[in-house]
Amino acid sequence: MISAEHVTVARSGRNLLDNVGLDLEPGKFTVVIGPNGAGKSTLMKVISGEMKPDAGFVSYHGTSVDLCRPVELAKRRAVLPQATQLAFPFTALEIVRMGAVAQGALNPTEQARQALSRVGLRGFESRPYPSLSGGEQQRVQFARALAQVPQPVVDGMPRALFLDEPTASLDLGHQISVLEIARDFANAGGIVLAILHDLNLAAEFADHLVVLNHGRVVAEGACLETVSDEIIANVYGIAGAVGRLPAAHIPYVLPQSRHR
Amino acid sequence: MMKALAMPSRVAADGDRTRQGVVMLLLLAVILFAACLLSLGVGPTGVGLRDLWTYATGNSASLSTQDRVILEAVRLPRTALGLLVGAGLAVSGAMMQGLFRNPLADPGIVGVTSGAGLAAVAAIVLGNGILAPVAMVLGNQFLPLMAFFGGLFNTWALYIIATRDGRTSTTTLILSGIAIGALSAALMGLMIVMADDRQLRDITFWNLGSLGGATFGRVLSILPFIGAVMVIMPFVARGLDALVLGDAAAFHMGIPVQRLKKIVIVAVAAACGSTVAVAGSIGFIGIVVPHLLRLVMGPSHRFLLPGSALAGGALLLIADSVARTVAAPAELPIGVITALFGAPVFLFLLLGKNGITMRDMP
């Protein structure tokens with residue numbers, strides 16, 4: 001289990017995170033939602049060990065994150081960042097292989113190939129990363145994260161996938177595919193933490209939903225309890241929108257998993 | 001050679017350029033060997049490749065004493081020095097571009113060379129004055145060490161100024177590099193005003209950028225610097241690759257980012273500063289060599305760094321051979337040759353579709 005307790009991050013006199021606690025359990029897909037500036041990315045940075053909180057602490061299976069060397073952390077969790085641009089033309093395979101190398105794979109090239117085909121990018125191995133579309137770049141980065149934690153559980157220890165807006169530049173079909181891969185990872189005993197903006201996607205995939213606002217956890221739990229009219233109105237300022245159908249002349253398509 | 005190198009890389013269909021990299025390294029090693037032969041066998045005196053062969057096969061007795069002296073005391077140290085200087089310049093360029101995540105970062109362009117130069121001039125001018133005790137203790141290493149610290153100071157300053165939140169903007173990098181370089185040049189001007197006639201001669205000679213006057217003493221004085229950089233190359237290669245994805249992503253992949261950056265900054269300063277100390281400022285090797293190599297073997301530092309060492313050495317030896325022969329018995333400053341060849345290649349790279357595009361510049 002990965003835990004954050006009493007995490008506070010202050011920047012220029014403002015609390016980006018205010019006494020936040022969060023437990024990420026193996027086998028669960030945890031989703032963080034919240035408006036812009038709520039502190040979602042900051043929370044992920046703290047949990048991934050990238051940012052030191054001003055107060056509070058983060059532990060991986062009982063060990064404080066401060067005591068873990070970067071190399072050890074890299075084997076326990078992989079992070080999918082928001083859009084990444086490169087100044088040098090690495091191929092898709094070379095990018096993904098970096099993840100496999102970080103994990104200490106015996107055959108990183110083979111592992112990278114498998115990760116690429118898992119995200120539906122078989123045949124893209126030799127494409128220079130800068131020449132790919134935004135969505136393809138995002139999937140290459142996702143494959144890199146997958147190559148870094150290829151097994152959800154190793155020697156009884158769960159591995160973690162942290163995804164910062166994994167669906168941001170993807171079409172509907174690929175949004176579903178990426179989140180399905182993440183859910184499979186959780187179902188196999190891994191830990192998944194994702195930041196999502198699409199509440200429908202969040203409700204579809206989250207086992208545990210965390211609503212963040214002004215650096216505080218304002219609600220958490222199962223989707224049915226957390227996505228309520230009251231909370232959505234408080235956090236996003238849109239009242240009465242939960243479960244309401246659009247006007248009759250507006251078609252709507254909700255993202256839904258292919259197999260459920 | 002240039003034409004072959006400038007061809008766009010053909011990436012193997014499976015996206016794996018490991019084999020391509022190994023083949024290129026072997027090819028570059030052969031080119032470097034040929035460049036060494038060229039450098040040893042070419043010059044204004046009559047000593048040529050045939051005499052070199054005679055010498056190398058152990059029949060040195062059949063050569064005249066004068067020819068032997070030319071080979072042993074002139075050509076050999078000069079070739080060794082050219083090899084080390086070329087390798088150091090190219091590797092410092094490649095590392096700096098990786099550190100700043102920017103193909104335009106070059107120690108010459110962003111003022112690191114000027115910092116090393118300022119420190120070297122200070123060493124010459126103040127070596128008999130206030131710095132005399134230091135000079136006494138360090139002896140032969142005084143000039144290279146001073147240049148190293150000068151380069152280190154400017155690299156560090158540049159990094160702090162041009163990098164915010166782990167991102168380096170090209171504009172800030174180049175502009176602050178120009179400012180730091182100009183400041184160093186101004187201070188160097190002050191030093192020159194303070195210099196006496198003998199020191200002025202030393203400064204002028206050194207400032208032209210030349211491998212002339214190469215001695216084994218100079219070779220030995222920069223060998224530890226360049227040697228140390230070569231040794232750390234394999235240990236920073238993976239980190240520099242990961243750094244291309246950004247500080248955060250590199251950390252996520254297990255790279256101790258701050259330590260890596262410190263090591264690379266020191267290595268850049270060591271490679272660049274020590275070469276400036278022995279050969280003056282020789283431009284464009286640090287930017288043209290890594291760039292051409294990226295086109296043929298990809299941007300991975302696993303191959304780019306050793307490739308830059310081999311190709312940089314070869315290129316500088318070839319340029320030096322040209323410098324010694326085109327206007328013989330006079331000798332052109334090698335900095336002139338590298339700029340004459342390097343600047344147009346650089347501009348060509350900026351224009352070409354395989355070159356640096358606006359897209360690459362954050």
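Colleague: How many residues of chain A are in contact with residues of chain B?

Modeller: Bear in mind that this is a predicted model. Two residues count as touching if their C-beta atoms lie within 7 Å. On the chain B side there are 29 residues in contact, and on the chain A side the number is 29.

Colleague: Which element gives the most to the side of chain A that touches chain B?

Modeller: α2 (70-76), β6 (77-80) and α3 (92-103) of chain A each put in at least two residues. By class, that side of chain A has 18 nonpolar, eight polar and three charged residues. The top contributor, with seven residues, is α3(A).

Colleague: Over to chain B: why call it as compact as a globular protein of its length?

Modeller: Chain B has 15 helices and two strands. For its 362 residues the globule rule gives 21 Å, and chain B comes close to that, so it is as compact as a globular protein of that length, with a radius of gyration of 20 Å.

Colleague: And what share of the residues in chain B is buried?

Modeller: Buried here takes 20 or more other C-beta atoms within 10 Å of a residue's own. Of the 362 residues in chain B, the buried share is 52%.

Colleague: At what angle do helix α10 and helix α14 of chain B pack?

Modeller: α10(B) makes the contact through B:M230, B:M233, B:A237, B:L240 and B:D241, and α14(B) through residues including B:L305 and B:P306. That contact has seven nonpolar, one polar and two charged residues. The crossing is right-handed. The axes are 8 Å apart, and the angle is about 145 degrees.

Technical notes:
Residues numbered from 1 in each chain as written. Chains lettered and ligands numbered in written order. Predicted model: local features only at pLDDT ≥ 70, side-chain atom pairs only at ≥ 80, totals over all residues. Axes fitted to C-alpha atoms, helices over the stretch in contact; angles between N-to-C directions. Helix = DSSP H or I, 4+ residues; strand = E, 2+ residues; numbered from the N terminus. Left-handed = near helix turned anticlockwise from the far one by under 90°. Nonpolar A, V, L, I, M, F, W, Y, C, P; charged D, E, K, R; others polar. Rg over C-alpha atoms; globule rule 2.2 N^0.38 Å. Buried ≥ 20, exposed ≤ 12 C-beta atoms within 10 Å, placed from the backbone.
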